[in-house]
Amino acid sequence: MNPEEKLQVGIIDGNVHTDTPEGRAIKRISADLAGYGIEVTTLASAEEARSALSNLPAVDCILINWNLGKAGENESAASLIIEEIRKRNEDVPIFLMGEPTRDSPTSLTIDMIKEINEFVWVMEDTSEFLAGRITAAARRYREKLLPPFFGELVKFSRDFEYSWHTPGHAGGTAFRKSPAGRSFFNFFGEQLFRSDLSISVGELGSLLDHSGPVGDAERYAAKVFGAEKTYFVTNGTSTSNKIVFFGRVCSDDIVLVDRNCHKSAEHSLTMTHAVPVYLVPTRNKYGIIGPIRPEEMSPQAIKEKIEDSQLLNAEQSRIPVHSIITNSTYDGLCYNAKWVEEELGKSVDSIHFDEAWYGYARFNPIYRNRFAMRDDAKNPNGPTVFATQSTHKLLAALSQASMVHVRNGRVPIEHSRFNEAFMMHTSTSPLYTIIASCDVAAKMMDGASGRLLTGEPIEDAIRFRRTMARIKREIGHGNTDADWWFGMWQPEFVTDSNSGEKIAFADAPVDLLSENPSCWVLHPEDKWHGFTGLPDDYCMLDPIKVTVLMPGMEEDGTPSEWGIPAAIVVKFLDTRGIVNEKSGDYNILFLFSMGITKGKWGTLVTELFEFKRHCDENSPLEEIFPDLTKAYPGRYGGMTLPDLVNEMHGYMKDTGQGALLQEAYEKLPEQVLTYAEAYKRLVRGDVENVSVSDMEDRIVATGVFPYPPGIPVLAPGEAAGRKEGPIIQYLLALQEFDKKFPGFSHDIHGVESVNGEYKIYCTKEAKNE
């Protein structure tokens with residue numbers, strides 16, 4: 001809702017369209033409200049009201065007739081609608097309308113009295129008086145609606161002050177002085193440019209010293225997100241991670257690092273000259289990265305890893321100062337954060353949860369105990385805990401909006417010292433719209449709204465999952481060549497906690513799946529997840545991170561005789577305007593964020609059916625991928641979709657590409673140089689671009705990150721190993737795949753493809769020189 005928009009009032013009453021005394025009274029109230037400049041929406045039934053609830057955020061006050069009708073034997077329709085409204089918005093004023101001849105406030109239930117703001121008789125008070133009270137309530141609500149920083153930004157923009165400070169476009173004026181600039185201005189609108197301000201505007205405070213409305217907004221966000229201290233970051237969680245490292249880590253310090261970490265952690269290790277000691281995650285047959293095994297986090301295991309490190313000299317401390325864990329993982333696996341803190345806290349004073357894709361967890365009880373900023377987690381004898389969250393990723397904020405949340409423990413951070421790290425990575429000219437979006441994101445998640453906004457995507461994801469499972473049950477039985485469908489990486493059965501009954505996932509009630517975390521836990525006795533050796537309740541699959549499985553993999557992880565590589569399905573969906581989050585050899589990940597609608601996921605199902613139809617009907621590639629056949633006519637001309645599917649799957653099966661991936665990540669490469677030392681060689685030019693086939697025992701100067709899975713097969717300073725070894729052989733397999741299937745090339749950070757040959761920067765001296 002634009003703060004400058006007219007106030008809006010909704011009236012829910014069966015009499016609104018009738019020529020009755022009550023109907024005429026409501027019309028008079030509506031006319032008087034219009035005189036105050038208020039827009040009125042009238043709904044004549046409970047059914048209309050329920051269908052309009054999704055538009056509730058646009059309404060500043062609601063009037064509802066007590067006698068709207070019966071919803072059941074002992075419950076009125078009005079009470080149910082009020083209950084639904086309060087699930088969505090705890091603050092919007094509700095006026096309950098009654099008739100004085102038969103209704104009395106004394107007959108209201110206590111629960112209803114708690115939920116309404118005023119009780120009015122439309123036939124007793126004048127319409128002008130009622131319109132005045134409604135207007136006053138709506139205005140109070142609108143004024144309190146805006147969070148601290150955004151509210152002050154709106155007020156400042158209303159002053160229309162002349163700008164004699166940066167930015168030089170001065171509220172957009174400069175852009176309007178050229179044709180290109182005017183087009184730019186018109187595209188985004190004046191309000192964006194008038195709210196693009198300078199740190200010189202003292203009324204709005206400062207991001208650098210956390211003063212004024214900016215500081216108020218950060219303190220408000222800390223309350224909402226359960227932190228002791230929150231910092232707004234305007235250039236993404238990559239920077240948030242660096243801020244935390246610079247606030248905790250110095251040269252030669254040991255950091256316990258989840259090998260499944262974001263590249264920004266690699267950059268942080270480079271910039272701080274720290275020494276990484278890796279905690280290695282598991283991996284299943286689909287190539288999906290699992291959690292770090294619990295035994296990897298034990299004090300004894302950590303001590304042994306540190307003693308075995310080749311990067312430490314005799315004088316360096318063996319005590320780790322910091323740790324970073326990815327939670328949830330990119331595939332949606334969430335740790336029992338309480339357990340992780342207790343176990344890792346035995347070895348390190350500072351635990352950093354990279355929750356870039358997980359900022360919503362606090363606001364839905366299905367994630368209880370599985371995120372950093374928990375209400376009951378304060379422990380002065382435990383580790384200090386950080387959570388870095390990409391507010392823009394799965395909450396509602398502008399790109400690059402991020403937050404750092406802090407909960408102090410036995411070695412607390414001092415704000416004034418930590419803020420030096422913050423300022424080192426923060427622009428003195430931050431974009432105020434990003435700050436405002438952090439502020440608004442916190443407001444949106446406060447109270448009942450947070451539960452609703454997280455609950456809806458969970459339910460949508462569950463409905464999609466159940467639909468896919470039902471289709472698989474009906475047509476995926478394999479009796480004929482056409483009897484196939486896509487699988488889902490999820491439990492086949494769940495247990496009703498009340499009855500103990502096992503229920504097929506496809507038939508499980510939505511309420512059970514959306515409210516019972518046990519349905520999503522990786523129970524050790526279950527086979528579906530493909531991980532072994534995990535204790536019960538250690539790890540849970542996030543319902544909104546949905547992995548669709550292609551045919552092509554046997555139960556033991558070996559390739560099937562027939563299969564559909566995910567790359568082909570991804571390209572097909574892309575031609576239909578559906579872009580996934582990431583994919584593996586035979587799996588595709590889709591994120592169900594707050595912006596996903598039933599129409600979107602319904603379309604995904606229909607397009608998967610369309611892909612199946614083209615496969616079953618032997619459609620020509622020219623019809624499916626016209627751009628591909630035009631770009632590579634000699635390679636793909638005359639082929640059908642099944643031809644490409646069979647050839648690609650056959651190649652992946654014959655070359656053992658999946659097995660090579662598993663082997664490449666099974667054992668950590670030898671660490672020869674620290675990240676910082678490897679980077680120093682890169683900057684000084686003490687490197688050369690080496691073909692993968694010539695990389696035996698060479699030390700890489702840049703990390704090699706195949707996507708998927710998006711974690712380093714080689715980190716900077718590590719040795720590639722023998723030519724016959726799994727790492728070089730895996731990279732060679734990807735290189736040959738890219739040559740054989742142009743248009744389906746792999747995305748590998750740290751690799752440059754030159755005439756089809758993979759090249760990687762390595763130090764000039766090999767490992768043994």
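Trainee: Are Arg-259 and Glu-718 buried or exposed?

Mentor: Arg-259 is buried, and so is Glu-718. Buried means under 20% relative accessible area, exposed means over 50%, and partly exposed is in between (1.4 Å probe, protein chains only). This is a predicted model, in which local features need pLDDT of at least 70 and side-chain atom pairs count only at pLDDT 80 or more, while totals for chains, interfaces and linings use all residues. Residues are numbered from 1 along each chain as its sequence is written, and side-chain values use heavy atoms, with hydrogens and water left out.

Trainee: What makes the meeting of Arg-259 and Glu-718 a salt bridge?

Mentor: A salt bridge needs a side-chain nitrogen of Lys or Arg within 4 Å of a carboxyl oxygen of Asp or Glu. For Arg-259 and Glu-718 the N to O value is 2.9 Å, so the pair meets the rule. Arg-259 sits in the loop between β7 (254–258) and α11 (263–272), and Glu-718 in the loop between β24 (705–707) and α27 (726–740), so the bridge ties together parts that are 459 residues apart in sequence. Helices (H or I, at least four residues) and strands (E, at least two) are DSSP runs, numbered from the N terminus.

Trainee: How many salt bridges does the rule give?

Mentor: The count is 39. In one of them, Arg-142 pairs with Asp-60, with the closest N and O atoms 2.8 Å apart. Arg-142 is in helix α5 and Asp-60 in the loop between α2 (46–51) and β3 (61–65), so this pair joins parts 82 residues apart in sequence. Both residues are buried.

Trainee: Why is Glu-617 called partly exposed?

Mentor: Its relative accessibility is 49%, so Glu-617 counts as partly exposed. Its salt-bridge partner is Arg-613, with the closest N and O atoms 2.8 Å apart. Arg-613 has 32% and therefore also counts as partly exposed.

Trainee: Why does Thr-135 count as buried?

Mentor: Thr-135 has 2% relative accessibility, and therefore counts as buried. It lies in helix α5 (residues 127–145).

Trainee: What does the side chain of Thr-135 reach?

Mentor: The side chain reaches the backbone oxygen of Ala-131 at 2.7 Å. Leaving aside neighbours within four places in sequence, Thr-135 is in contact (heavy atoms within 4.5 Å) with Leu-7, Leu-33, Tyr-36 and Ile-38.

Trainee: Why are α3 and α17 called roughly perpendicular?

Mentor: Helix α3 (residues 77–88) and helix α17 (residues 448–475) pack at about 90°, with axes 6 Å apart. Axes are lines fitted to C-alpha atoms, for helices over the stretch in contact, and angles run from 0 to 180 degrees between N-to-C directions. Under 35 degrees counts as roughly parallel, over 145 as roughly antiparallel, 65 to 115 as roughly perpendicular and the rest as oblique. The helices α3 and α17 are therefore roughly perpendicular. Arg-86, Lys-87 and Arg-88 of α3 meet Ala-448, Ser-449, Leu-452 and Glu-456 of α17.

Trainee: What makes the backbone at His-210 worth a remark?

Mentor: Most residues other than glycine have a negative phi, and most peptide bonds are trans. Phi of His-210 is near 60°, a positive value in a residue other than glycine. His-210 lies in the loop between α8 (190–194) and α9 (212–225). At 5% relative accessibility it counts as buried. His-273 also has a positive phi, of about 60°, but with a relative accessible area of 41% His-273 is partly exposed.

Trainee: Which residues does the cis peptide bond join?

Mentor: It joins Asn-327 and Ser-328, with omega about -5°. Ser-328 lies in the loop between β11 (320–326) and β12 (333–335).

Conventions:
A polar contact is a pair of N or O atoms within 3.5 Å; within protein, one must be able to donate a hydrogen and the other to accept it, and residues adjacent in sequence count only if both atoms are side-chain atoms.
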